[in-house]
Amino acid sequence: MKRLLSILLCFVSLSVFANEPAAEASKGEGFNPGEMILEHIGDSHEWHLATLGEGEHATHVSVPLPIIAYQPTKGLSMFSGGQLAHGHSHNGLKLEHDKLVAEDGSKVYDFSITKNTASLLFSAALMLFVFTAVARGYKKNHGRAPSGLQSFFEPVIIFIRDEIAKKNIGPKYERYMPYLLTAFFFIWFNNLLGLMPGAANLSGNIAVTMVLAVLTLIITLASSNKNYWAHIFATPGVPKPLLPIMIVVEFLGIFTKPFSLMIRLFANITAGHIVVLSFISLVFIFKSWAVAPVTLAFGLFINILELLVAILQAFIFTLLTSMYIGGAVEEHHDADFQIGGGDGADQAHVPAH
Amino acid sequence: MPAFLNPELGLIFWQLVIFLLVLFLLAKFAWRPILLSLKEREDTIDNALRMADQAKIEMQQLKAGNEKLLADARHERDRMMQEATVMANQHRDAEKARATEEANRIITQAREAIQQEKNAALAEVKNTAAKLSVDIAERILRRELAEPAAQTQLVDSYLKDVKLN
């Protein structure tokens with residue numbers, strides 16, 4: 001994970017530094033890989049599909065998306081993003097580097113259906129369609145062997161239930177199954193959708209991973225029992241003079257765990273996209289057909305690797321979430337007493353809430 | 001900070017709303033029925049396996065019971081046959097003893113009867129012999145007494161005998 005993150009940060013810093021001079025030079029050169037990659041992994045107010053032609057004569061084929069903006073002074077406004085194309089302004093709003101701003105400089109809250117939001121809606125609809133179909137399969141094949149879509153997803157669902165939830169959460173796993181299953185399939189579906197040509201980088205968006213991580217944090221805290229807090233504020237087996245340090249460390253741990261979830265998913269998926277796009281960019285950088293076999297081979301390799309990463313990251317997110325929940329709902333076990341001796345045992349018994 | 005490291009408010013909002021909506025809908029219409037069906041099916045399979053095991057054990061018990069019954073029957077038959085043999089032997093022995101006794105009794109009776117008959121026959125022979133000898137003696141005497149000399153002679157001999165006695 002760390003290595004991937006550092007690779008990602010390398011790319012980020014490279015492209016940031018490359019951006020400034022390239023922005024001016026780009027008009028002449030026509031292709032700037034850093035800009036192209038950042039545009040691909042970022043969000044947009046239009047769904048850009050293709051660019052036909054080059055330079056000044058280029059025709060951008062893109063789908064305009066709805067703009068929804070809330071301004072404290074004017075209230076809610078909603079219109080097609082096509083109105084803002086080519087730097088036009090509408091209703092006192094305009095796009096500056098694909099960022100919605102008010103012409104008079106006042107505050108704008110942008111709730112637009114961006115490329116990522118549209119992709120999110122699509123994946124939500126897809127998930128609802130797929131899993132209600134799977135659920136129908138169970139009704140139709142009641143008491144019989146599964147078939148079709150149902151038999152494809154059943155092992156995955158059973159794996160999540162038996163290997164992830166039951167093992168890490170314990171007997172109370174059933175309450176958390178809907179969240180774990182939804183999170184797993186949401187991440188997996190969007191990771192795969194993100195690999196499609198022209199698709200949005202939804203699961204590699206930090207806002208998306210942040211929401212998922214915060215939900216995990218909320219669920220963990222909401223289901224925590226007194227043992228969880230006793231572990232944080234009176235860690236069994238820790239000498240008393242060390243407790244102030246341990247409390248700080250353990251308390252920060254509450255937040256660093258979901259933070260790592262957020263960064264891990266975001267960095268892995270974004271890094272994968274950056275690597276694939278970088279290999280594709282080589283064709284345009286070298287402007288030679290000779291580089292195509294190398295690009296193709298490496299691009300294909302990374303893409304197939306990304307197929308694996310897609311399910312792996314969904315698995316890791318779900319596994320860690322269930323481990324955090326498992327830590328929060330875990331009942332006291334006697335091992336703590338033996339390590340801590342009499343002192344620690346007494347402290348562990350004190351309700352810390 | 002590059003734009004893609006900056007979480008956008010709009011996307012956070014939509015992600016939260018849509019994810020929670022999907023979570024709610026899937027929990028109600030997909031995960032609940034799916035997990036219930038899976039559990040139900042697993043329970044059914046578990047039950048079926050347990051019942052099969054139980055049936056197997058019952059079969060074994062039944063088989064063991066049958067074998068025991070068969071062994072018991074065989075044992076009973078052997079015992080009965082032995083008993084019957086013993087009884088038959090006893091019966092035969094008793095019969096034999098009775099027959100022997102009867103035969104002995106008959107023989108004894110026969111012997112006694114023969115003895116009696118013999119005794120009777122002997123007595124009759126004696127009587128007849130005595131009678132015959134008296135008759136003969138009488139006839140002889142009648143003829144002898146016809147001559148006086150011989151008569152005297154005889155008396156004399158008797159007298160002699162008497163003297164001698």
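In this predicted model, L23(B) counts as partly exposed because 19 C-beta neighbours lie inside 10 Å, whereas a buried residue requires 20 or more. L23(B) belongs to helix α1 of chain B, which covers residues 9-145. Apart from neighbours within four places in sequence, the residues in contact with L23(B) are P178(A), Y179(A) and T182(A). Along chain B, L23(B) and Q54(B) are separated by 31 residues in sequence, and their C-alpha atoms are 43 Å apart in space.

The contact between the two chains involves 39 residues of chain A and 29 residues of chain B. On the chain B side, these comprise 25 nonpolar, three polar and one charged residues.

Chain A is assigned two domains, domain 1 (62-113) and domain 2 (116-349). Their C-alpha centres lie 34 Å apart.

Helix α6 of chain A runs over residues 206-222. At 1.5 Å a residue, its 17 residues should span 24 Å, and the end C-alpha atoms are 24 Å apart, so the two values agree. Of these 17 residues, 12 are buried, and α6(A) is therefore largely enclosed by the rest of the structure. The buried set includes I206(A), V208(A), M210(A), L212(A) and I219(A), together with the threonines T209(A), T216(A) and T220(A).

The separations given above are collected here.

| Pair | Separation |
|---|---|
| L23(B) and Q54(B), C-alpha to C-alpha | 43 Å |
| End C-alpha atoms of helix α6 of chain A | 24 Å |

Note on methods:
Residues numbered from 1 in each chain as written. Chains lettered and ligands numbered in written order. Predicted model: local features only at pLDDT ≥ 70, side-chain atom pairs only at ≥ 80, totals over all residues. Contact = placed C-beta atoms within 7 Å. Nonpolar A, V, L, I, M, F, W, Y, C, P; charged D, E, K, R; others polar. Helix = DSSP H or I, 4+ residues; strand = E, 2+ residues; numbered from the N terminus. Domains from an automatic or database assignment. Expected span 1.5 Å × (residues − 1).
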